[in-house]
Amino acid sequence: IIIEKKKPAVKINTIDEMDYLTALKIGAFQMLALVPGTSRSGSTILGGMLIGTSRSLATEFSFFLAIPMMFGASLLKLIKLKMALDFTGILILLVGMFVAFVVSIIAIKALMKYIKKNDFVLFGYYRIILGLIVVIFSILKFI
């Protein structure tokens, strides 16, 4: 919310204008997702905006950064399964991957359309309210 209200200066508007150092800096913001409850995409988008990329470029780049991470996580999951999948399991896995891919493309297009017209303030308030709800329910669980 604070970053959106400050409106940092935009120096980079397209992926072609981005250099390796800027990409590395945005990638470093991804490490903030190691903190429990921190959004990987949120940290990379806000990091990109802080270092001078436009909101839409930071969001697009955040999704690019997710590709190797998702691939790696999926590969680790398959290794943990020890590839113990029969034909039916492989078929279910492939259908699930296809559906997830299609839904993610639709969601990404919708989000990109949204952020071209709006800022992330609404998401900031959503995260604060959701965080408070989680904390309250966690406290009530221990009472």
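User: Why is phenylalanine 123 called partly exposed?

Analyst: Its relative accessibility comes to 35%. Buried means under 20% relative accessible area, exposed means over 50%, and partly exposed is in between, with a 1.4 Å probe and protein chains only. Since 35% falls in between, phenylalanine 123 counts as partly exposed. A word on the background: this is a predicted model, where local features need pLDDT of at least 70 and side-chain atom pairs count only at pLDDT 80 or more, while totals for chains, interfaces and linings use all residues. Residues are numbered from 1 along each chain as its sequence is written, and side-chain values use heavy atoms, leaving out hydrogens and water.

User: What makes the rings of tyrosine 114 and phenylalanine 123 an edge-to-face pair?

Analyst: Rings of Phe, Tyr and Trp (its six-membered ring) pair if their centres lie within 6.5 Å; planes under 30 degrees apart count as stacked, over 60 as edge-to-face and the rest as tilted. Here the centres are 5.8 Å apart and the planes stand at 85 degrees, so this pair is edge-to-face.

User: And why is the pair of phenylalanine 120 and phenylalanine 123 called tilted?

Analyst: The centres of these two rings are 5.8 Å apart, but their planes are at 50 degrees, so the pair is tilted. The structure holds two aromatic pairs, and Tyr114, Phe120 and Phe123 form one aromatic cluster.

User: Are tyrosine 114 and phenylalanine 120 buried or partly exposed?

Analyst: Tyrosine 114 counts as partly exposed because its relative accessibility is 27%. Phenylalanine 120, at 12%, counts as buried.

User: How do you know that threonine 59 is buried?

Analyst: Threonine 59 has 0% relative accessibility, so the label buried applies. This residue lies in helix 4, residues 55–80; helices (H or I, at least four residues) are DSSP runs, numbered from the N terminus.

User: Which residues does threonine 59 touch?

Analyst: Not counting residues up to four places away in sequence, threonine 59 touches Ile45, Leu111, Met112, Ile115 and Phe120, where contact means heavy atoms within 4.5 Å. The side chain of threonine 59 also reaches the backbone oxygen of arginine 55 at 2.8 Å.

User: What makes leucine 122 count as exposed?

Analyst: Its relative accessibility is 57%, so leucine 122 counts as exposed. You can find leucine 122 in helix 6, residues 121–142.

User: Why does lysine 7 count as exposed?

Analyst: Lysine 7 counts as exposed because its relative accessibility is 57%. Look for lysine 7 in the loop between helix 1 (2–6) and helix 2 (20–29).

Notes: Helices (H or I, at least four residues) and strands (E, at least two) are DSSP runs, numbered from the N terminus. A polar contact is a pair of N or O atoms within 3.5 Å; within protein, one must be able to donate a hydrogen and the other to accept it, and residues adjacent in sequence count only if both atoms are side-chain atoms.
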